[in-house]
Amino acid sequence: MKNKQKSEEQFKLEKISELLKKSKSDDGTFLDALYNLYLFIGITKSMEDIRKGNIMTVEKSKERMMQKYESYSARYGS
């Protein structure tokens, strides 16, 4: 099991590295590279969530938002 996890982590690191090398930044600054790294890590995590079935439909999301903010709407009239 540990070998599989290591190989998956290695694959993710290689994929992130490959994407960073391909990404274009206007001035090639360190902050641009950090931003791209942050973005690609987020995409990787999202892809893993989808693969594991940790997803939510738009309808379910809207329902949760309405429940969460209905007291705000009643209180402030928006």
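View 1. Lys52 counts as exposed, with 51% relative accessibility (exposed means over 50% relative accessible area, buried under 20%, and partly exposed in between, with a 1.4 Å probe and protein chains only). This is a predicted model, in which local features need pLDDT of at least 70 and side-chain atom pairs count only at pLDDT 80 or more, while totals for chains, interfaces and linings use all residues. Residues are numbered from 1 along each chain as its sequence is written, and side-chain values use heavy atoms, with hydrogens and water left out. Here Lys52 forms a salt bridge with Glu48, and the closest N and O atoms are 3.3 Å apart (a salt bridge is a side-chain nitrogen of Lys or Arg within 4 Å of a carboxyl oxygen of Asp or Glu). The two residues sit four apart in helix H2, a separation of about one helical turn. An α-helix has 3.6 residues a turn, so residues three or four places apart point the same way.

**View 2. Helix H2 and what follows.** Helices (H or I, at least four residues) and strands (E, at least two) are DSSP runs, numbered from the N terminus. After H2 comes Gly53, with a positive phi near 85°.

**View 3. A nonpolar patch that includes Leu39.** Tyr35, Leu39, Ile43 and Met47 make a nonpolar surface patch of about 410 Å². Patches are made of residues with over 30% relative accessible area and no salt bridge, with like charges joined within 9 Å and nonpolar side chains (Val, Leu, Ile, Met, Phe, Trp, Tyr) within 5 Å. Leu39 belongs to helix H2 (residues 30-52) and is partly exposed, at a relative accessible area of 36%.

**View 4. The Lys60 and Glu63 pair.** In helix H3 (residues 58-76), Lys60 and Glu63 lie three residues apart, about one turn of the helix. Their side chains meet in a salt bridge at 3.7 Å, N to O. Lys60 is partly exposed at 39% relative accessibility, and Glu63 is partly exposed too, at 40%. A search of the whole structure finds two salt bridges.

**View 5. The whole protein, for context.** Of the 78 residues, 4% count as buried.

Conventions:
Areas by Shrake-Rupley, 256 points an atom, 1.4 Å probe, with all protein chains shown as cover.
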